[in-house]
Amino acid sequence: MKKSISLLLSIALLLTTFTPSLASSQDDFYKQAGEILGNVKVLQGNASGDLMLNNYLNRQDMVVLVSRLFKEESVARNSSAKIPFKDVTNSFYKPYISWSVNKGLIVGKTETKFGFDETVTVQQLQTVLLRALGYNEEAKDWANVPTFASGLGIMDNIDVQPNDVLIRGLMASMTVNALRINKKGTNTTLAESLNLNIPSPFNVESAYTINRDTLKVEGIATGTNTLKLHIKPISKGITAGEKSVDVALQSDGRFSVEVKGLESGEYSYAFTNGSYYTKYENFNIKELPLELVDIKADNLKEIKLTFSKAIDKSTALFTSNYYTNAGNIKKVRLEDGDRQVVLTLADNSTMINQKKYNLSIYKIKSLNGEELSIKDEEFTVFDNAVPNVEKVKQLGNKMLKIYFSEPIKPARNSNFTIDGKRFSGSVRNEDNIVYLTFYTTLDEGMHTLTTNYIEDYVGYKSVEEAIPFEIIKDTEAPKLIEARATLEEVTLTFDEEIDTNTASRNNFYWKYGSLKRYPTQVKVSGEEVILDFSNNKLQANKKETIYVDGVADYSGNKLRYGEINVVPAVDLSTPEVVSIRVSDNGKEINVYYNKNVVANNRSFYTIKDKDNKLISIKDITGSGREYKIVLFQPLPVGTNTLTIQGVYDTTTLKNVIYPYTKTIDMKDLTPPRVISHSGKDRQITLQFSKIMDMSTITNPNNYLVKFGNFRMFLPQDTQFDTLSDGKMLMITLPETIEGKEVKVGTSGNLTEIQILGVKDISGNLIEPITLNFTSYTTMKGKAIDFYQTEPGYQAVYEDPNEIKIKFDQPIVDAKPDDFSIHGRTIYDVIVDGSEVITLRLDNSNSTEPPTLSIKNTNKMKTMIELDVQGGTINILDKVAPRVKDDNYHLRTNYSTIELTFTEKLQDELKSLFARDLIIIDPSGNVLSDSSYSTSLSRDYCTINIKINNKESGSYRIMIKDKPDFIMDKSGNRTESGGQSFYAD
């Protein structure tokens with residue numbers, strides 16, 4: 001019946017896609033059975049207690065074991081019956097064999113031959129055990145003994161053949177199986193009939209299922225009160241090591257256990273009770289796409305990102321690759337087989353417990369090149385645990401390195417005692433690690449570190465913890481165990497941490513002939529030392545020896561004259577852009593690469609706005625992996641496109657980047673603000689920084705005014721008029737409020753207005769603000785910034801003959817005499833009732849913006865009849881420089897041709913002007929830009945073109961289409977215009 005149930009269970013499991021685990025490991029099964037027989041004094045070991053389970057069992061020793069099994073060894077030892085076997089001459093074994101024959105348990109190989117000293121076979125022991133179970137007739141049917149024995153269960157969990165020779169462990173397993181079987185015709189087991197206590201065997205029947213990266217195992221365990229699931233990887237590509245998981249058992253031995261987050265590949269699993277293992281069962285985790293599995297913050301300084309597979313360090317370890325509104329990120333580390341990224345916030349950034357935050361990842365890659373970007377992933381901080389010590393590491397006799405469960409606030413000496421005494425030494429914090437440096441060295445042997453009142457960033461303080469540690473005298477110098485290298489960088493791995501104070505560039509070198517080549521920089525990180533040989537590159541495809549001399553561990557042991565061989569790997573990989581980040585003011589774009597590159601040439605970058613208009617680049621700064629694009633003006637709101645090409649790495653091969661294009665969506669997230677306000681009589685004008693939502697700025701409930709000594713919302717019959725496309729609001733109050741005449745200003749009774757609840761068209765809410773009408777400036781109109789993105793400029797110069805000025809309210813009257821201008825003449829002023837007026841200027845052969853001011857004695861008027869403040873007007877230059885109109889035939893000075901422009905040009909780019917020119921020599925040949933050079937004259941308006949080996953005759957000079965470098969001081973590029981200029 002037992003076998004039928006087992007068979008039905010197996011079929012059911014298969015039908016539900018479960019796969020039963022195999023039987024217990026055979027070696028463990030032998031060991032378990034041997035211990036059982038040893039405990040009941042059936043199987044005895046040698047003098048050292050070894051049961052010798054792998055020794056072969058001969059026929060006469062089998063008889064002795066059987067006598068012990070029947071608890072009749074003393075009877076067997078004293079048996080006097082004669083035996084017919086002529087090959088049994090040993091007096092010790094004669095009585096045992098006589099006893100077994102009379103007992104009906106053993107027969108000879110023939111009537112006169114016992115088979116003394118012959119090894120027992122499986123089938124022979126099967127026959128003996130059948131007789132012990134009362135199956136004497138069945139035991140006589142020699143040919144069918146194996147089948148019958150297996151059917152009874154004697155061979156359960158045993159995989160051998162009938163003719164295999166018997167070892168003691170196999171004998172024990174078959175015997176224990178037999179002891180658990182009922183004797184023929186009874187309900188009593190053989191063990192019960194022999195009064196032997198045979199415990200249930202350790203065995204696990206299980207089935208597993210796979211769901212993505214999760215293994216689930218269910219089953220039932222017998223013969224144990226404790227159980228662990230052990231998983232070990234088989235595939236080479238799996239980065240995580242073996243895992244052991246505690247399994248909770250129900251009272252009947254049933255269990256269900258899950259292991260999540262397994263990498264793709266082949267594994268095997270088995271169960272253990274601490275002494276024995278079941279046989280390993282293989283399973284496979286299929287390749288999963290690169291996904292963010294989990295994001296959590298269980299303390300206020302770290303954000304932990306778990307991915308579906310191991311990720312590539314070249315993209316993962318850049319702080320610039322991540323953005324979170326939780327604060328600035330200062331450090332990135334990898335854990336859990338490179339499947340988890342831990343972000344540590346900067347010292348000035350701390351999250352708030354139980355608050356929600358967002359995180360974005362610009363780009364991250366798996367080891368096989370899959371890419372993943374995350375935008376605004378939400379997570380909640382939840383810290384409910386006190387900090388505790390996870391590990392204490394001895395660094396020689398100088399220092400202890402204490403790892404805490406989370407970053408902690410700066411610790412002090414008072415937080416630590418060693419052997420009951422307050423710690424004497426220096427304390428240094430580094431996030432979740434504390435370094436204790438001793439003033440005096442500790443003695444060898446065991447010590448106790450006690451920590452108390454360690455505080456995390458929530459304010460939770462740790463309870464007292466006592467952690468034993470051992471100071472072991474270290475007299476051995478650190479050893480080199482591994483080296484890996486590219487042509488530019490060597491990473492050395494030692495067998496212990498290196499004292500950072502002992503590692504400098506003079507401690508490391510390689511040789512080129514007899515010359516020593518030293519690194520330019522050395523970085524120590526625990527057991528690893530990274531050497532920068534970018535200025536002394538190693539040789540390709542050649543084994544090099546790296547020499548190390550003088551570096552020491554924290555016990556002061558120095559490595560002298562160490563060396564290790566390495567074959568540098570030639571870096572064939574092209575550089576890649578890891579991420580880009582735009583500054584808050586929109587005028588800087590930080591570009592982060594995955595390796596050191598040369599990327600400081602403006603020609604490598606092209607930026608265009610949503611209308612495909614080129615955006616001027618002022619400068620490129622940076623080095624290594626990080627560069628900054630500096631713009632003349634902020635990126636406009638909307639979709640901008642950045643293209644990068646030509647950038648190359650610093651390796652010997654100078655691998656060039658593949659063209660990279662990135663769209664930058666500049667969203668308007670800034671709240672609106674009031675940039676000016678004024679009031680007179682019953683009217684108030686408000687100038688906003690952005691186009692406003694009409695429904696909110698015309699709602700009287702969004703304005704609270706101070707009227708006399710009382711505060712009140714604007715009356716419902718207040719009139720609202722919007723101007724300037726929704727950026728300006730004119731409020732006209734009723735003539736009286738509660739019977740009192742309304743008058744705005746110092747001499748009136750309405751002196752303040754509070755604005756709240758108004759929004760711009762993007763939904764950004766204004767920060768509540770209170771404005772007063774008691775100052776001089778609120779009683780006059782004034783010029784304001786023309787563009788909010790370009791503060792400090794009240795006027796714009798977009799046409800050589802026009803200047804536009806912006807005011808804080810509509811202007812209704814202005815004349816040329818109201819202004820003072822230097823170098824130009826104003827012949828007309830255009831006033832259209834808006835806040836922008838246009839000054840028409842005389843024609844000029846200059847594009848330099850003039851000096852302009854509003855006279856203090858001006859007669860200008862605003863829409864609400866206010867006067868206008870005088871003062872200097874700063875002009876934003878938007879006019880491109882051009883070649884002067886009278887310059888079509890150029891002046892020549894020996895081999896130098898002079899090309900004069902209408903305003904001053906950028907001196908920093910003068911050597912690059914040559915790239916924007918097309919020069920045709922007298923023979924009609926187009927000169928390469930290496931055939932001539934460019935510079936600027938002292939007035940910065942004239943480009944001096946010096947031609948190498950200048951011929952006599954006429955040269956034709958043109959400016960190429962869409963020039964890149966010829967620009968004025970404000971960054972306006974010149975335009976080609978298709979003109980040709982000539983010089984002899």
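Colleague: Which residue in S44 is the bridge partner of valine 705?

Modeller: In S44, methionine 712 is the bridge partner of valine 705. This is a predicted model, where local features need pLDDT of at least 70 and side-chain atom pairs count only at pLDDT 80 or more, while totals for chains, interfaces and linings use all residues. Residues are numbered from 1 along each chain as its sequence is written, and side-chain values use heavy atoms, leaving out hydrogens and water.

Colleague: How do you know that S43 and S44 count as paired strands?

Modeller: Strand S43 (residues 703-707) and strand S44 (residues 710-713) run antiparallel and are joined by four bridges. DSSP must find at least two bridges for strands to pair, so they qualify. A strand here is a DSSP run of E with at least two residues, numbered from the N terminus. Two residues lie between S43 and S44 in this hairpin, and glycine 708 in the turn has a positive phi of about 65 degrees.

Colleague: What makes S41 and S45 edge strands?

Modeller: Look at the order of their open, antiparallel sheet of four strands: S41-S42-S46-S45. Strand S41 (674-680) and strand S45 (719-723) each have a single partner strand, so one side of each is left without a neighbour in the sheet. On average, neighbouring strands of this sheet are turned by 15 degrees against each other, direction ignored (axes are lines fitted to C-alpha atoms, and angles run from 0 to 180 degrees between N-to-C directions). Inside the sheet, S42 (residues 683-688) pairs with S46 (residues 728-732) in the antiparallel sense over five bridges, and isoleucine 684 stands opposite isoleucine 731 in S46.

Colleague: Why is glutamine 809 called buried?

Modeller: Glutamine 809 has 1% relative accessibility. Buried means under 20% relative accessible area (exposed is over 50%, partly exposed in between; 1.4 Å probe, protein chains only), so glutamine 809 counts as buried. You will find glutamine 809 in the loop between strand S53 (802-806) and strand S54 (811-813).

Colleague: What makes the link between glutamine 809 and threonine 862 a polar contact?

Modeller: Their side chains are joined at 3.2 Å.

Notes
A polar contact is a pair of N or O atoms within 3.5 Å; within protein, one must be able to donate a hydrogen and the other to accept it, and residues adjacent in sequence count only if both atoms are side-chain atoms.
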